[in-house]
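The sequence and model come first.

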Amino acid sequence: MTATARRLADIVDKVRAGERLTFDDGLALEASADLFTMGELANLVRERKNGNVTYYNVNTHLNPTNVCVYRCMFCSFRSDLKGPTAYVMTDEQILARAREATERGCTELHIVGGLHHQLPYEWYLGIIANIHREFPDLHLKAWTAVEWDWFERLTKRPTRELLAEMKAAGLGSLPGGGAEIFHPEVREKICDYKADADQWLRVHREWHELGGKSNATMLYGHVERPEHRIDHLLRLRGLQDETGGFQTFIPLAFHPENNTLGQGIPKPSGLTDLKMMAVSRLMLDNFPHVKAYWQMLGIKTAQVAQSWGADDLDGTVVHEKIYHAAGSDSPQEMGVAELRRLIEEAGRVPVERDTLYREVVRPEPAGRRWAAGRELVVLG
Ligand code: V47
Ligand code: SF4
């Protein structure tokens, strides 16, 4: 047995015994190419936590503006204030998008965007308040920790106060974006200036202390090294030990098109995608869920990822801009029937959830209700 295989055998014993993995265990997993063993282990943890269920939700995205003061090197979505593709949605357009979402049977609106040079915090607050007033049943998962940090810089008011204010206005939860890679060796290269690791974690801690739930992400497959990824996961695990407020972890594969970071960097391979899924599931032993975001991974890898630790495929998603700007060739939307079929084909039980992982029971699957007016399968 080689030293690497011996190391992996130790990890197998630890996971089977329910023991926590260390930083060095994480590095050993990263060094291994034994995808099958990693899958088997991650699947064991996945099934211990979530049985044979794979969750999905019926949701849509709203990106109210792409104008952004920052220039993250991986971002293909942002625009300069006066750039040719710059846009800011009007209140009417925003409400129309929320109305469309409810008519489609969505339970969640995922709202994130750029940090506009001229728009005040009140504009972002107004978006939440206006949508919530008109559509109180729609869960608003809005603004990444980077946006919250920006609101603090704009208003000179503490994030804790802003979070409470927006919660009172209708905010439901925080999405996991903006985390990228926490380690300063990488963060300083790819997204200097915006909220750093401590600020990102502080916003989530404060939100959890207010009783809220949130998600977390990691952007992999660019200039980071294995030790940066494991460091990232352990920082998240540490906060989760403190608060228990995270629901889902979403590993995000870097898409290299139309951004400066991507030059000369290939898209992560299928092997890397599955390995990141498994390593995340194994290191984040206190996260209830790991999501294979099909818009980013592609439908085929996301389907297989259900056996490498993932118990959630995200949603039906429509109007996604961030990944499509960066070269994703996934369709914009997947019908409920197709999503359920992909889950069942993998031998799992599809369960529709709301944002807080409560099972959604409908008189009939959501997709059938829409069938009167539109196609159920992938809309291009
Ligand atoms: O923070 C930006 C990433 C994130 C690229 O909470 C890129 O349920 C790859 O966080 N290639 C935003 N990734 C998306 C996000 C998310 C997605 C789905 C579900 C949830 C959730 C959150 O997208 C950014 C950044 O890390 N990103 N550009 C790119 N070129
Ligand atoms: Fe702005 Fe977000 Fe893009 Fe960074 S990732 S440039 S903060 S829109």
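## The shell around ligand 1

By class, the shell around ligand 1 holds eleven nonpolar, eight polar and four charged residues; here Ala, Val, Leu, Ile, Met, Phe, Trp, Tyr, Cys and Pro count as nonpolar, Asp, Glu, Lys and Arg as charged, and the others, Gly among them, as polar. The model is predicted: local features need pLDDT of at least 70, side-chain atom pairs count only at pLDDT 80 or more, and totals for chains, interfaces and linings use all residues. Residues are numbered from 1 along each chain as its sequence is written, chains are lettered from A and ligands numbered from 1 in the order in which they are written, and side-chain values use heavy atoms, with hydrogens and water left out.

Of the 23 residues around the ligand, Lys141, Gly178, Glu180, His255 and Lys291 come nearest (a residue is near a molecule if one of its heavy atoms lies within 4 Å of it).

| Residue | Polar atom | Distance to an oxygen atom of ligand 1 |
|---|---|---|
| Lys141 | side chain | 2.7 Å |
| Gly176 | backbone | 2.8 Å |
| Asn215 | side chain | 3.0 Å |

On its own, ligand 1 has 610 Å² of accessible area, and the protein covers 95% of this (Shrake-Rupley method, 1.4 Å probe). Strand 5 (214-220), strand 6 (246-253) and helix 14 (322-325) are the elements that give two or more residues to the shell. Helices (H or I, at least four residues) and strands (E, at least two) are DSSP runs, numbered from the N terminus.

Thr248 is placed in strand 6. Thr248 counts as buried because its relative accessibility is 1%, where buried means under 20% relative accessible area, exposed over 50%, and partly exposed in between (1.4 Å probe, protein chains only). The side chains of Thr248 and Tyr357 are joined by a polar contact of 2.7 Å, that is, a pair of N or O atoms within 3.5 Å, of which, within protein, one must be able to donate a hydrogen and the other to accept it, and residues adjacent in sequence count only if both atoms are side-chain atoms.

His110 lies in strand 3 (residues 108-111) and is buried because its relative accessibility is 16%. Leaving aside neighbours within four places in sequence, His110 is in contact (heavy atoms within 4.5 Å) with Thr60, His61, Leu62, Lys141 and Pro175.
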